[in-house]
Amino acid sequence: MSDQPKSFDAEEHDTVNVRRLRGVARTVVAAILLAAIAATGLELYTERKNLLEDAHREAKTLAVSLAEHTRYVLEITDLALQHLAQQVEQDLGQGGTGHQNLIDAVKLTAERIGTVQNIIVLGNDGRIRASTLQGVAAGTDFSDRTYFRVQRDNPNAGLFVGTPITGRVENIIVVPISRRITAADGTFGGVVMATIGPGYFASYYTTLNVGSRSAILLAHETGTVIARAPANDTVGLSFAERPLFSEYLENAPAGTYVSPPQSDGEIRITGYEHIDRYGLVVAVAKHRGEIFAPWYRNVAYHTLGLLLLTAFLAGSMVYAQGFFKHEEFLLVRLREGRRRYMRRAMQQRAVSLLSERAGMSEQRDEFLANVAQVICKTLNVEMCQILRLEPGEELFRSLAGYGWADEVEVSVHAASGGFTHAGKCLVESMPLVTGDYATEQRFEASTRLLRNQARSGVTVPLRLSDGGQGVLGVYSRTAGAFQDDDTVFLESVAYLVTGYFERLREYRLRKAVLDGVAANICVLNPEGRILLVNDGWQSFAEENGLQAVRAWNDLNYLDVCDAAPEPEAVDLANAIRRIIAGDLDRFAQEYACHSPGSRKWFRAMVSPVHLDEGIGAIVMHVDITELVLAETEAEQTKKRLETLVREAKIGILVHSDFKPLVANEELATMFGYDDAGDIMALGDVSMLFADDERERITGYYNKRLTGDFSPGLYSVKGVRLDGAEIDLENRAFPIDWGTGRAVCAMLTDVTEQRLLEERMSEAQRLESIGQLTGGIAHDFNNLLTVILGNAEVLSKRSTSDEMSRKLASIMLHAAKRGADLTSRLLAFARRQVLDPRPSDIATVVAGMEDLLTRTLGEDIELNVDVVDDLWPAMVDTAQLEAAILNLCINARDAMPGGGYLTVEAHNTRLDEEYSSRHADVEPGEYVMIAVTDSGFGMDEETASKAFEPFFTTKEVGQGTGLGLSMVFGFIKQTNGHIRIYSEVDSGTTIKLYLPRAHDEIQETDDDNQTVHAAADYAHILLVEDDHLVREHVSTQLEQLGYTITSAPNGPEALAILEGGEPFDLLFTDVVMPGGMSGKDLADRAAALRPNMPVLFTTGYAESAIIHQGRLDKGILLLPKPYTIGELAEKVACALNGAADK
Amino acid sequence: MHAQETTIRLSLYGTEGSRTTLRAWTNITQVLEALGMDAVPVEFVDVLHHPERTFDDGVLVTPTLIVLSEDKRHVLVGTVEDTSILREILAVQVMEQ
């Protein structure tokens, strides 16, 4: 038998074969039987036919033979009788005397013819002449005998065989055979007769043994029986009515026929031969029974044989039937076994399939639906349902179903009590089989089962690992559809389902853990093929389009790594191989994985995992982008901080209990050390501070660490390595340092800053003073303009009154001093109007030598030292001369006992470093003028105040205190620089730094400056906001012969201009209220009167037309205050300038 | 317990080393000990070594316990966590004997 189970079709085929074999066997047996019967019948029929034909032939042949025999006998007898008759006739011819001879002849004839009984010679009278008869009386008359009469009456009768007659002598029946004796004359001479006993023929016939029930008949053609064997007692009887004589003999002299039943009721086959010569008929009647006796035996034998065959076949059939029945039984058993085998195999296959799917499926509903379907297909039933009962609930909830007609209602809940199949199963906690719901007594089939025409069903309980319960129910529309194996199968499936729930729960928990890990994880088998990935891996792959979601199982990760261009991937692959080979415990590396859209870093970690198939590997890719970025940021921050610390222009010192932890280069530089390492080498950094500061900063340190208040910013004295003290500003704060605390001190060397601050403070103070003095000077200038003008007028008008003229002169002088004072103040405030131009300083200095010599007097020796290639400087030479003169006067005053004064000039460059150390100094090329005296000098404090206005060391009345202030303001306004170096009793040097001019020096043409006469017809538009000044100037101009139209502000002046009135000059103040300055007005006026000249006036240098102390190009300005002469000159100049145009 | 030793047969079908089979074995032996039937041997049939017998006995999953007692056959599929069923089966067998 094959190991493979046969299919149900094959089993049916086997059964059909058995049945067919049974039919074939029956048919064969019947066929054999019928064939045997047919053959036997045919044989018997043939035999019978042959026997019949043989009987006919034998009867006929025998009849012919017997007829021949009869003829022979009769011919022999006839010959004997003829011989005898001839003897008799001869005797008669001799007269009848030879009686004895006749007797002898009779006897001899009788002896010759052994067949005859007696021979009788009758005379023509019928009386015996001689005979072989014993005891017969001579002369006995036989003339009444038929044969005598025939012979007598019929000379041609020949041999006449008569019918049997009873002998008169012997009283026996004999057959007379007679022949006529013809006398010599032809007359009737008598009869010779021989008698033959019928027994002769009968005996002869008997010897032929034709059968005891057959017969041979010799009869007269008339039907009289001559002899018959057997039953010779019929001799003499007439059978004339029998068919032979009545029917057949008439039609044919010979033949055969079937004689109808005779008296004995038997049918015989009769053959006959008519012996026409003697009028006899020989018939042989063969008894059919005897004919067919062998046939009958054959029939009997065949019948017996058939019966035996039939019996044998019947027995065989019975045996075969039994065999077949047993075979069929075995086949049924086999089929049942096979079906059971198949069913069990299918169940095993189903369990195997479901077990496999249970291990693969993550979709519970899909798996359970599959379970329901597989169960139905396996058991060949219609419906299946998986129900779940939550703890505390009374209704089942359907988890899956299959085959229900009302699929929509699959989720309908079922009662959980013991009233339903499922409920009862759950209550008893055992499988529950119902063969037929119609007869079920233990519970009632639910309406749903009945509605779905369920007839039988099995339910098995589900014991779920999470504490829930359930029922697996399978139902069939056929009663008794379930077998014992089915229950085991369903229990097995139920066990699988419960196991599935348990595994699913564990799987989900494990997956949750696995997926919860912030890493991309995969598990590789020993070949490197991916067995499992977590969500992180999956998501990363999907986001980066690496692989299809479900293609992981077909992917060899080692191949992927080997194919990757990055060297890290190859390293990873090699590490995985070594781990799988057991050569490496674990592996980790960090690598970058950048894409156009993102920059990421990962840490790949590989560790071994022991699988059934060998050692695999767990590969984890942890996204460390944030960490890397953080580390990078931290590193960068650290580097930045290190750079900051290193490059910071502030000393940074971190120390713990004054043990140095961090020190930067600036700190080292600050304290005069070579580098920060020297600081770090110090055991106690408190030594960096002055002795008298240590107690204080130690106190601060302790308080800072304990959280008590200590100043975050304080000044402290430091001590450089060379012992010099420096001013420090310390910003200190506590920081965590490792496991302890430390203090970070950020130290700034403010020594220079302090100086700068002082200087800046000084500058700011000077600036403030300048602004103040400038403002005052401006207002003074307006007032002085009026006073000065009016004093001039008054002076001129009081020519007759000496007192009035003197008073006017004093007032005029005072006004001029006031104007000089304000001019100095403006100069100090850097608000005087300058006209800086490229100037040859050497020429200026050389030009002042005489003046200075006269000014200094004889006790002071003047030395002028000017280099040959002195650069030109951008400076207002007039102001420069005033400044040099001022310095020389101060020097003279510092050398009341005489001395030396040196004026030197040379080129110099102030670099960045110098610039950084001195406020308001631009690095660049300068022409330096130094004025050095050998006077008593100044101490530091005095020197620091030397440039302050109104500060003077001179006695009251000998100095205004504005000399150096004016120089200071002038130099600063010239964008230059001034430094003072002085020591008490050693003299003073004041250095003026004038910016180098790169333009060519322009020659001044003072000689061409001529004062033009005023034009009588000139019409001047005067614009001045100060009504006093406006009235005064208007008066003065009118006195000068001009026609004046005045306006208090720009808009009104503009309105006048727009009125169309002609003007020859616009004379306007610069700074005016009303939103329109003099410059604005001039611009608007230029649009209306392009050729009209403009003369500005102002008492304040910084204005719309003066920038940084310099008058804009093309601007004509008359500074306040001015004398009438200056006014006349400037107006005339303006008008002439216009005329020149 | 002589009758028990001769008439009750317990065959546990499982796989050697299996966690569930071990659980089933433990539960079965505990039940037998609790019933004083610890003399009743429990045959362990390793399905990996006897697959044909496993199939012939209709065992589809492991562990499966088959309790044979004369003409009765009980099949318990699973780890026999619910020992009441086995207790009931064995108790009935004891009573009948």
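Modeller: Gladly! Keep in mind that this is a predicted model. Let's begin with a helix in chain A: the face of H5(A) turned away from its buried side carries Ser246(A), Glu247(A), Glu250(A) and Asn251(A), which are exposed.

Colleague: Which residues of helix H5 in chain A are buried?

Modeller: An α-helix has 3.6 residues a turn, so residues three or four places apart point the same way. In H5(A), which runs over residues 243-251, the buried residues are Leu244(A), Phe245(A), Tyr248(A) and Leu249(A). Looking down the axis of H5(A), you find these buried residues within an arc of 120°, so they line one face of the helix.

Colleague: And what covers the buried residues of H5(A)?

Modeller: The cover includes three strands of chain A: S9 (254-259), S10 (268-275) and S11 (280-287).

Colleague: Now to pairs of helices. How do H8 and H11 of chain A pack?

Modeller: For a pair of helices, look at the angle and at the distance between the axes. Helix H8 (residues 364-379) and helix H11 (residues 484-516) of chain A pack at about 170°, and their axes are 12 Å apart. Angles over 145 degrees count as roughly antiparallel, so H8(A) is roughly antiparallel to H11(A). On the H8(A) side the contact is made by Arg364(A), Phe367(A), Val371(A), Ile375(A) and Leu379(A). H11(A) brings Asp486(A), Val493(A), Val497(A), Tyr500(A) and Leu504(A) to the contact. By type, the residues of this contact of H8(A) with H11(A) are 8 nonpolar, no polar and 2 charged.

Colleague: Are H7(A) and H11(A) parallel or antiparallel to each other?

Modeller: The angle answers that again. Helix H7 (residues 293-360) of chain A packs with H11(A) at about 5°, with the axes 10 Å apart. H7(A) and H11(A) are therefore roughly parallel. Among the residues that make the contact are Arg340(A), Val351(A) and Leu354(A) of H7(A), along with Phe489(A), Val493(A) and Tyr500(A) of H11(A). The contact of H7(A) with H11(A) divides into 7 nonpolar, 4 polar and 5 charged residues.

Colleague: How many residues does helix H22 of chain A have, and how far does it reach?

Modeller: Here you compare the end-to-end reach with the expected one. H22(A), residues 877-894, has 18 residues and reaches 25 Å from its first C-alpha to its last, close to the 26 Å expected at 1.5 Å a residue. Its buried residues include Leu880(A), Ile884(A), Leu887(A) and Ala891(A).

Colleague: What should I look for in the backbone itself?

Modeller: Look for exceptions. Most residues other than glycine have a negative phi, and most peptide bonds are trans. Gln453(A) has a positive phi, near 60°, and sits in the loop between helix H10 (447-451) and strand S15 (456-463) of chain A. Phe658(A) also has a positive phi, near 65°, and is in the loop between strands S22 (651-656) and S23 (659-663) of chain A.

Colleague: Why does Phe658(A) count as buried?

Modeller: Count the neighbours. Phe658(A) is buried because it has 20 C-beta neighbours inside 10 Å, and 20 or more is the cut-off for that class. Gln453(A) has 14 other C-beta atoms within 10 Å, so it is partly exposed.

Colleague: Where are the cis peptide bonds you hinted at?

Modeller: One joins Lys1120(A) and Pro1121(A), with omega about -15°. Pro1121(A) belongs to the loop between strand S40 (1117-1119) and helix H29 (1124-1140) of chain A. In chain B, the bond from Thr62(B) to Pro63(B) is cis, with omega near -5°. Pro63(B) lies in the loop between helix H3 (51-56) and strand S3 (64-69) of chain B.

Colleague: How is chain B built overall, and how does it touch chain A?

Modeller: Start with the order of its elements. Chain B has 4 helices and 4 strands, in the pattern α-β-α-β-α-β-β-α along the sequence. Of its 97 residues, 38% are buried. As for the interface, 10 residues of chain B are in contact with 14 residues of chain A. The chain B side of it divides into 6 nonpolar, 2 polar and 2 charged residues.

Note on methods:
Residues numbered from 1 in each chain as written. Chains lettered and ligands numbered in written order. Predicted model: local features only at pLDDT ≥ 70, side-chain atom pairs only at ≥ 80, totals over all residues. Buried ≥ 20, exposed ≤ 12 C-beta atoms within 10 Å, placed from the backbone. Helix = DSSP H or I, 4+ residues; strand = E, 2+ residues; numbered from the N terminus. Arc of directions from axis to C-beta. Contact = placed C-beta atoms within 7 Å. Nonpolar A, V, L, I, M, F, W, Y, C, P; charged D, E, K, R; others polar. Axes fitted to C-alpha atoms, helices over the stretch in contact; angles between N-to-C directions. Parallel < 35°, antiparallel > 145°, perpendicular 65-115°, else oblique. Expected span 1.5 Å × (residues − 1).
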